[in-house]
Amino acid sequence: MENDTDYASFVAWLRSVAPYVHAFRGKTFVVAFPGELVTAGGLAVLAQDLSLLHALGIRVVVVHGSRPQVEEQLALRNVEARFHNGLRITDPAALECAKEAAGELRLDIEAAFSQGLPNTPMAHAAIRVISGNFVTARPMGVIDGADLQLTGIVRKVAADAIHPILNAGGIVLLSPLGFSPTGEAFNLAMEDVAVTAAIALRAEKLIFLSETPLMHDAAGTDIRELSSHQAEAVLLANFLPPDAAFYLKNAVKACNAGVSRAHIVPFATDGSVLLELFTHDGIGTMITYENLESLREATIEDVGGILKLIEPLEADGTLVKRGRELIEREIHYFSVIEHDNVIFGCAALYPFPKERMGEMACLTVNPEVQAQGDGERILKHIETRARESGLTKLFVLTTRTSHWFMRRGFVLATVDDLPKDRQHMYNWQRKSLVLIKNL
């Protein structure tokens with residue numbers, strides 16, 4: 001009987017990750033990790049996890065850091081490490097140490113991806129890791145009166161050269177070194193290389209495996225998901241430790257430049273990449289891009305636009321008729337999405353705090369812009385509002401769009417599963433389907 005339970009659990013788990021597999025296939029992920037991960041002995045296991053992503057059809061670009069390895073080389077050569085405002089001053093001797101560290105790490109990473117013993121996760125993997133002069137850089141120059149010498153910043157990542165390698169099934173490895181057209185080498189920040197690569201490659205995800213623990217807000221609550229604008233507010237509040245703030249700053253930069261999602265994932269947990277990508281809550285912090293000008297909470301000035309949007313759906317029976325007075329009274333529950341000051345979509349969140357549940361109602365997108373993902377963006381926004389309000393479940397009542405919601409994680413439920421107050425208001429003549437999603 002125990003075996004039957006184990007089998008059922010395994011099958012249920014495999015089915016639960018299938019949607020992620022379908023969603024991620026063919027997408028580009030940039031995975032960046034600091035030298036501390038290697039020092040902590042995590043390289044072999046990371047290579048196994050990334051080879052699994054590769055086997056699932058994900059295009060993987062790996063970026064490594066080298067800070068502790070550079071420090072080790074400096075100590076071996078009795079060269080003093082010099083910094084200015086947290087930035088390494090790279091003189092010729094320090095650059096030699098950076099080259100030595102990067103070369104050793106590159107060989108270690110290539111060796112880790114070459115594992116292939118039977119009865120290990122790398123059996124039959126046969127992965128080819130390709131590295132090269134893909135990063136063009138320039139000197140950072142003089143900052144606040146200090147010449148940072150051979151410390152550089154990324155000018156360009158050669159996406160046109162990397163794409164064919166990824167298309168051919170290779171993994172691309174980028175080191176924190178860049179080269180100028182005049183043949184000079186520059187010491188770079190791993191985070192700078194990773195962000196620029198993710199932007200240039202139009203990556204679906206940028207994943208920072210960090211030595212820092214999961215971020216917490218000022219009250220000590222886990223920070224699991226932030227819009228880029230919320231992340232900017234967190235940075236301005238200045239309560240994060242410096243290393244965590246630096247990761248978050250770079251994640252925001254990537255999202256604001258077109259990367260769909262950025263993740264900051266503590267590497268201390270075994271299998272952290274897989275847990276972040278293939279479980280609902282993950283174990284790190286996810287940052288998503290959200291344009292506040294187009295997706296926001298509604299104001300009284302939006303009532304006319306909302307009415308214009310929902311009236312056709314009220315007329316054909318898709319939505320329950322509300323009327324101007326009700327919309328005005330409940331406007332603080334609504335969120336809207338707009339383009340060029342015209343409202344193209346809306347939804348409302350009605351909280352039921354006692355049961356820690358929320359109802360999403362009146363989700364509407366203008367037919368002219370449907371299939372552009374605005375409905376999904378509004379749903380994500382409402383989910384974020386619900387989480388921030390301490391709600392753990394979101395439910396909808398629908399007569400015509402149940403499949404749309406089910407594809408986005410809602411499951412069929414019954415009227416009895418609704419909050420008591422909402423059960424009393426259920427319209428038995430409409431016979432709406434009840435769908436619930438765990439947040």
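In the predicted model, phenylalanine 24 and phenylalanine 29 are both buried. Their rings form an aromatic pair of the edge-to-face kind, with 5.2 Å from centre to centre and 75° between the planes. This pair belongs to a cluster in which ring pairs link Tyr20, Phe24, Phe29 and Phe278, and the structure as a whole holds 11 aromatic pairs. A pair of aromatic rings is described by the distance of the centres together with the angle of the planes. Another of the pairs involves tryptophan 404 and phenylalanine 405, whose ring centres are 5.1 Å apart and whose planes stand at 85°, so that this pair too is classed as edge-to-face, given that an angle over 60 degrees is what the class requires. The two partners fall on either side of the 20% limit that separates buried from partly exposed residues: tryptophan 404 counts as partly exposed because its relative accessibility is 21%, whereas phenylalanine 405, at 6%, counts as buried.

Helix 1 covers residues 2-24 and includes tryptophan 13, a residue that is partly exposed, with a relative accessible area of 47%. Together with Phe10, Val11 and Leu14, Trp13 forms a nonpolar patch on the surface, and the accessible area of these residues taken together is about 400 Å².

Just after helix 3, glycine 57 adopts a positive phi of about 90°.

Serine 227, found in strand 14 (residues 225-227), is buried, with a relative accessible area of 5%. When neighbours within four places in sequence are left aside, serine 227 is in contact with Ile287, Thr288 and Glu290. Leucine 397 lies in strand 21, which runs over residues 393-398. With neighbours within four places again set aside, leucine 397 is in contact with Glu359, Leu418, Arg422, Tyr426, Ser432, Leu433 and Val434.

At the level of the whole protein chain, the model contains 15 helices and 23 strands, and the C-alpha trace spans about 80 × 65 × 40 Å along its principal axes. Among contacts between residues at least 6 apart in sequence, 69% join residues that are at least 24 apart. Of the 439 residues in the chain, 48% are buried, and the accessible surface comes to about 22000 Å², with 54% of that area belonging to carbon and sulfur atoms.

Terms used: Residues numbered from 1 in each chain as written. Predicted model: local features only at pLDDT ≥ 70, side-chain atom pairs only at ≥ 80, totals over all residues. Heavy atoms only, no water. Phe/Tyr/Trp six-rings, centres within 6.5 Å; stacked < 30°, edge-to-face > 60°. Buried < 20%, exposed > 50% of the residue type's maximum accessible area, 1.4 Å probe, protein only. Patch = residues over 30% accessible without salt bridge, like charges linked within 9 Å, V, L, I, M, F, W, Y side chains within 5 Å. Areas by Shrake-Rupley, 256 points an atom, 1.4 Å probe, with all protein chains shown as cover. Salt bridge = Lys/Arg side-chain N within 4 Å of Asp/Glu carboxyl O. Helix = DSSP H or I, 4+ residues; strand = E, 2+ residues; numbered from the N terminus. Contact = heavy atoms within 4.5 Å.
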